[in-house]
Amino acid sequence: MVIELWWLFVAALFYLGVLFLIAWSADNGVLPKKLVEHPAIYALSLGVYATSWTFYGSVGLANQSGLAFLTIYLGVTAAFLLGPYLLKPILRLCSEYQLSSVADLLAFRYGGRATGFTVTLFLLIGILPYISLQINAVTQSIQVLAKQAAPNLLALAFCLITVVFAVLFGARHITPREKHSGLVVAIAFESAVKLLALLVAGAVATVQVFGGLDSMHGWLQQNPQELTAMYEPVSTSLWSTLLLLAFGAAFLLPRQYHMTFVENHEPGSLNTAYWLFPLYLLLLNLPIFPILWAGKSLGLQVSPDFYVLGMAMSVGDQWLALLVYLGGLSAASAMMIVTTLALSYMCLNQLLLPLSISTNNPDTNLYQRLLWSKRVIIAAIIAAGYGFYLVIELNQGLASLGLISFVAAIQLLPGVLGLLFWTRATQAGLLLGLLGGASVWFALLVWPLLTDSASITSVQNLIGNMGFEGVDVWSISTFCSLTVNCFLYVVGSLCTTPSSEEQEAAQACVSDALRPLPGLVNARSASEYMVQLQQLLGSEAAEQEVNRALAELNLPQLGTQSDPLEPTEMRLLHERLERNLSGLLGPTVARLTLRGNLQLTEPANQALTESLRAMETRLETSRKQMRGMTKELDDLRLYLRNVLHELPLGVCSIGPRDDVLIWNQAMQNISGIDEKLARRSRLQDLPAPWNQLLKAFSASSEQHLFKLHTELADGSKTFNFHKSHVNSPADRPEHPTGQVILVEDRTNVDLLESELAHSERLASIGRLAAGIAHEIGNPLTGIASIAQNLGYESDQHVVKENSSDILTQVNRINAIVRSLLTFARNEPSLGDDREPVDLRNSIDQAIQLVSLAEQAKSVDFNVIMTDGLIVLANAGQMVQVFVNLLNNACDVSEIGSTIDVYGKQYKDTIVVRIRDYGPGIAAENHQRVFEPFYTTKAVGQGTGLGLPMVYSLVKEHGGKISIDTSVDKGVCFEVSLPAASTLIERAG
Amino acid sequence: MRRTTDLTLLITLAALFIFHSPFTQWWTGLGLPWYTVFVLWLLVIVLIAINAHGGGRRSGD
C-alpha cells in the first residue's frame, strides 16, 4: 500500500488547520474558560515532552535497548514525584519574578549578562539537533508512507507552516504575563492525538496482527529471546544514565520549562500534573512493545523507528496509517513550536536586548519591536534547525539526536539545583561548570556528528580503546560532562565570593520570603519614572508599563495623581516595575534599566525603614496566599501588632531617618494626629507641638522625661516621655537602629496627686492647729483673768485702759484659736450623721447668721434657688460652708451692693453659686485661696482658714468647689454636690 | 504538609527500590510478563496522585 505524496500534504494542511481553529477558539473565548484553564488541559499540554522521537523512535530504542527506553519516561515521573521540592519552587520564582525561560531563571539567580548569554547560546546549540530530528522524522515518515524520498522542499514547507503557527499563536503577546491559552489548548490537543494514534496502533498490533493478547503471549513464548532482550538492559549503565537524563529534561528542556512554568495559569494545576502527566506517558508507552513485536512478526523491511507506520501499511489500513502519520506530525510540530517559542524568549532577553536596548529610539514602539524581533527569532531558529537537518549525516537513528539534546540540557542541572538548595554558589562557578560540561558534551557528542569521518559509533570505539569496555557512549558522555561541570561549579563557587546581589537573589530562591529592595528609590513620583523609562522603552511603552504597575498596586494612574507617592509606594512601584519589565525584557535588562537609570540610594540606613513598610504592605495584600508556617507567623505578627496598637500608652516607633513607623491608637488619642498622617511623615513634619516635642526628645541623650507640661488645644496637659533604641534584625547588623518612644498622659494622675497632697496638707495643718489651740487656750484664759482682775482692782485710768487693751487682744487671740479648733475638728465624717438636707434652708440659716454682723446689714442677698435641692449631708456643716462663703462675700462687698445666690440641679448634681461684686481674686491665686492661712484680707482681718475648711467639707460630701473664671467682676464660688436622690439610688 | 513531605520521601524511596536498585535486576530476571513494569509504574503513579491530592487539601491548594 502506498499513499500519495499530495494526499499526505493535504492531510497535514488539514490537520494544522484544525489546530489553528482550536487555538483560535481558545484565544477568542469560543471554548469555555473553565475548559481552557482546566488542570487536565495543562497536564496534557506537558505532553509536548513526547516528540517524534517518542512517537516513532521509542519502538526503535526499545528494539535496541529493551526496557531501558522506558527510563526516558520513568525519569520524568521521578521529577514530578519530587515536584513539591523541585517544580513548585521554580514555579513560584517564575511567577513571582516573571522569569520566562531557564536562562532568565539562572540569570536572575546568578546575575550578570554573561550567565544569560552563555546559557542561551548553549541551549540554542544543544537544541538544534533536536529540531532537526523533528524535521527528519516527518520527512522519513512521508518516505515510508509514500515509498519515495520526500523532497527537502516538503520539509521546508513543514517548517514554514510551523513558523506561521508559532508566530500566530505563540508570539501574539509580548510578555508571559498574558498566557497563550490557544497555544496550550492546541498542544494539549496534539498530545491527545498522539496518544490516540499510538493506542489505536497498539490495539491493531495486538488484535489484528497477533489475533489477541493470548496469541501475542503465545508468540512471546515461541520467541523467548524477545523477553530476554527486553529485560536485559536493566543491568547496564544505560538504565541509570537515561533515568538521570530524563529527570533533568523533564524541566530543563526549554519546551518543558515553558509549558510547565510559563504557561501555568494556576499553581494548583501542578498538583494534578504530578500524576496525570506520568499517567499520560505510561499510556503512551504501553503499546510500544506490542508494536515492536508486531513489526518483527510481520518482518517489516523498515527501520524499527518507523515500525508503527510500517505495520499500518502492512495491514493495509490507510486510515490507521494516516492517523499515525498525523500523530507523528503532532509530535514534531508541537515540539518545534514550543521549543522555538521558548528559545525566542531566551534569545530576545539574553542575546538581543542587552545589546540593543540602549540604542532604542524613544519614538519607536518597543512592544512592536519586541514582537517582530521575537517572530524573526522564531523563524531564524527553525531555519537553523532546517540547516542542521540538511548538514548532518542522519545515520544515528532518532533517539541519538534526542539524547544529544538531553545531555546538553542536563548540564543546567547543577546550576538549577544550586539555585534551589545552595546559596553559596556563584556566577563564576556556574559559568566555569557550564563551559567545562559543554566542552565535553561538544567534543564527545556534537563534533563527531558534524564531521564527515566521525560518528557517535567512532566515539564508542574510542571509549572502548580507553578501557571502558561495555559502557555505552551516553553514559560516558553524561558522566564525564557532568563530573567536569559539577567539579568546576563547586570549586569555582568556593573560590569566589558571591556579590550582594547574588546573595539577595540566592535568599529569594531558597525561601518563600519576599525579597526587599536593597535601597531606597530616588525618584519621588511615578511620572519621574515614566520620564526616565521613556529614554529606554519609548514613550508609549514607558507610560503603559508605569500605568500597569500602578493599576496592579491600586494606585492612581499617571496624570490623576494629586500628590507625589510616599516612599513606600515608590518602593513598591519600583519592585512591581522590575518584575513586569523582567517579564518583558528579561531580568538582566530589567535590572539594568531600572537600577541603571533610576538609581536606588545606598542600601544603608534608609533601607530598613522602607523595607519594613513595603514588606508590611505586601504582607497585608498577600495574606490570602499564605499557608502553613507562613500564615501562622503572619497571624503572630498581626497579634503583636494589635497588642502594640491597643496598648494604653502612646507608642511611636521611628526609623533611622526619623520616619514614623508605628503610631498606635493611644498616640492618636493623645496627640489628635491620625495614624495615616503620622506614618507618612517624619518627626519634624508632624503637626505642632508634637514635632518639636518628639524631635527634641528623640535627639536628647535623656532616656526619660517626666512631667512635661504642654499647652494643647484642649488645655494644659502633662506628659511623661520614655524612649529606647530598637535593634536591627539579627541578620542585618549593618543597619543603624531606630527608636521607640512611649508617651504617657499624666494629666489626670497629676490632678489626683495634687488633690491628695492638698488634703494631706490640710490634715497636717488641722492636727497642728488643734495642738496649738489647746496649748494656747489654757495660758490665754489665765491672761484674760489676770487682765480682768487688774482692771477691777485698780482705779487708775491708765491701768484700766491697758487691761481693756489686753482683753481686746486676748479676745482676738481667742477668735483665732476658735477658728483653729473649728478647722481642726473638721475630721472626715463617717457618714452616719448625714441626712437629707434642703440647701435652700441651709442658705437661709447662713444668711441669718451672717446678717448679725455689721457689714452684712448693708448688703442685699439675692437668692434664686429652685425647690427640692436636697443633698445627703451633715446639716450643720452645710450651714458652716455657706456661712464662710457668704461672710467672705460680705467682707469684700461695698455698702449697698448685692450678693447673688443661685441654686439649681443639673442631672445628678446640685450646683450653688455665690457671687459678689467686689474686687475679685487674681487668676493666679484661684487655687491658692483653698490653701490654709492664705488670705487676701488685711492683717488681722482674716485667718486664711475659712475657705480651706469649706474645701474640706465639700470634698468630704463628695462634691467640689471652684471659682468660676468666666465672671468679669467680683468672685463667683461654685459648689457642686451630688443630689440625694442619686446617692440613694446608688445605695439602693 | 509534613505528612505530604513524609509520603513524598517514602514514595521516592519505593520508586527507587523498584526501578533503580539491585531489586530491579532481581525482578526483571524472574521472567515476569512484559506488562509488569507498567503495573509497577502505575502503582507509583497512584501513590503520587493520593499524595498530591491529600497534600493539596491539607495545604489549602
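Strand β1 (residues 650–654) of chain A runs antiparallel to strand β5 (residues 738–745) of chain A, and 5 bridges join the two. Strands here are DSSP runs of E of at least two residues, helices are runs of H or I of at least four, and both are numbered from the N terminus. Two strands count as paired if DSSP finds at least two bridges between them.

This is a predicted model, in which local features need pLDDT of at least 70 and side-chain atom pairs count only at pLDDT 80 or more, while totals for chains, interfaces and linings use all residues. Residues are numbered from 1 along each chain as its sequence is written, chains are lettered from A and ligands numbered from 1 in the order in which they are written, and side-chain values use heavy atoms, with hydrogens and water left out.

**The sheet with β1 and β5**

- Val651(A) has Leu742(A) in β5(A) as its bridge partner.
- The open sheet consists of 5 strands in the order β2-β1-β5-β4-β3 (chain A), with antiparallel pairing.
- β2 (660–663) and β3 (704–712) of chain A are at the edges with a single partner strand each, so one side of each has no neighbour in the sheet.
- From one strand to the next, the twist averages 25°.
- Helix α34 (residues 690–699) of chain A lies across β1, β2, β3, β4 (715–726) and β5 of chain A, at about 35° to β4(A). Axes are lines fitted to C-alpha atoms, for helices over the stretch in contact, and angles between N-to-C directions run from 0 to 180 degrees. Contact means heavy atoms within 4.5 Å.

**The sheet with β11 and β12**

- Another open sheet of 5 strands has mixed pairing and the order β7-β9-β10-β12-β11 (chain A).
- Its edges are β7 (860–865) and β11 (960–963) of chain A; each has a single partner strand, so one side of each is left without a neighbour in the sheet.
- Neighbouring strands of this sheet are turned by 15° against each other on average, direction ignored.
- β11(A) pairs with strand β12 (residues 972–978) of chain A in the antiparallel sense over 4 bridges.
- Opposite Ile961(A) stands Val975(A) in β12(A).

**Helix packing in chain A**

- Helix α8 (residues 112–146) and helix α19 (residues 366–391) of chain A have axes that come within 8 Å and cross at roughly 70°. α8(A) is therefore roughly perpendicular to α19(A), a class that covers 65 to 115 degrees; under 35 is roughly parallel, over 145 roughly antiparallel and the rest oblique.
- The contact of α8(A) with α19(A) has 10 nonpolar, 4 polar and no charged residues. Ala, Val, Leu, Ile, Met, Phe, Trp, Tyr, Cys and Pro count as nonpolar, Asp, Glu, Lys and Arg as charged, and the others, Gly among them, as polar.
- Helix α13 (residues 237–252) and helix α14 (residues 254–262) of chain A pack at about 55°, with their axes 5 Å apart. This angle makes α13(A) oblique to α14(A).
- The residues in the contact of α13(A) with α14(A) are 7 nonpolar, 2 polar and no charged.

**Chains A and B**

- The contact takes 34 residues from chain A and 30 residues from chain B.
- About 2,800 Å² is buried between chain B and chain A, 75% of it on carbon and sulfur atoms. Buried area is the accessible area (1.4 Å probe) that two parts lose on being put together, summed over both.
- Trp34(B), Phe38(B) and Trp41(B) lose the most area in chain B to chain A, together 29% of what that side buries.
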